[in-house]
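Biologist: Could you take one part of this model and walk me through it slowly? I'd like to hear what packs against what, with your cut-offs spelled out as you go.

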Amino acid sequence: MGARMPRARDMATMSPMGQILLLSIHWYGAVDPGARRKNATRETTSTLKAWLQEHRKNPYPTKGEKIMLAIITKMTLTQVSTWFANARRRLKKENKMTWSPRNKCTDDKKTYHMQRGQRAAAE
């Protein structure tokens, strides 16, 4: 018993992200919480490694890219996110990090406050 394909009229009122999610559920199927965990295959990791190689300067896929990769690799969104976190950690450990870390909140705040101070002094 397969699930029916979502109808165009059902999808017409949905956001693009909703459409992607609906199609991914249809394509990938519902996840069975009692299912046994499976290790990633070479085919799966080669797809993720290819994406990582192409985006080496900014190895942080967007939510949409993660959904697309999850569909292609038949992994869950959590598995894809975890794979990328581990891959970035491995690259950093091997000193192959070619991107600036994403969480630079303190640096951004310092820059913002310095710019505000310079503007106030100029006025």
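Modeller: Let's start with K74, which is exposed at a relative accessible area of 53% (exposed is over 50%, buried under 20%, partly exposed in between, with a 1.4 Å probe and protein chains only). Before going on: this is a predicted model, so to speak of local features I need pLDDT of at least 70, and side-chain atom pairs count only at pLDDT 80 or more, while totals for chains, interfaces and linings use all residues. Residues are numbered from 1 along each chain as its sequence is written, and side-chain values use heavy atoms, leaving out hydrogens and water.

Back to K74: its phi is near 60 degrees, a positive value in a residue other than glycine. You'll find K74 in the loop between α4 (63-73) and α5 (helices are DSSP runs of H or I, at least four residues, strands are E runs of at least two, and both are numbered from the N terminus).

L48 sits in helix α3 and counts as buried, at 0% relative accessibility. Leaving aside residues up to four places away in sequence, L48 touches L69, T73, M75, V80, W83 and F84 (contact means heavy atoms within 4.5 Å). L48 and A70 are 22 residues apart along the chain, and their C-alpha atoms lie 9.5 Å apart.

Next, the helix pairs. Take α3 and α4: they pack with their axes 9 Å apart, at an angle of about 155 degrees (axes are lines fitted to C-alpha atoms, for helices over the stretch in contact, and angles run from 0 to 180 degrees between N-to-C directions). That makes α3 roughly antiparallel to α4 (over 145 degrees; under 35 is roughly parallel, 65 to 115 roughly perpendicular, the rest oblique). From α3, T44, T47, L48 and W51 meet E65, L69, I72 and T73 of α4. By type, the residues of this contact are four nonpolar, three polar and one charged (Ala, Val, Leu, Ile, Met, Phe, Trp, Tyr, Cys and Pro are nonpolar, Asp, Glu, Lys and Arg charged, the others, Gly among them, polar).

Then there's α3 (residues 42-54) against α5 (residues 77-93): the axes come within 11 Å and cross at roughly 60 degrees. That makes α3 oblique to α5, and this crossing is right-handed. Here T45, L48, K49, W51 and L52 of α3 meet V80, W83, F84, A87 and L91 of α5. The contact splits into eight nonpolar residues, one polar and one charged.

The structure holds two aromatic pairs (rings of Phe, Tyr and Trp, using the six-membered ring of Trp, with centres within 6.5 Å; planes under 30 degrees apart are stacked, over 60 edge-to-face, the rest tilted). W51 and F84 pair edge-to-face, 5.2 Å centre to centre with 80 degrees between the planes. That pair ties together distant parts of the chain: W51 in helix α3 and F84 in helix α5 are 33 residues apart. W51 is buried, with a relative accessible area of 8%, and F84 is buried at 0%. W83 and F84 also pair edge-to-face, with 5.1 Å between centres and 85 degrees between planes. W83 counts as buried as well, at 12% relative accessibility. Together, W51, W83 and F84 form one aromatic cluster.

Definitions and conventions. A crossing is left-handed if the near helix is turned anticlockwise from the far one by less than a right angle, and right-handed if clockwise.
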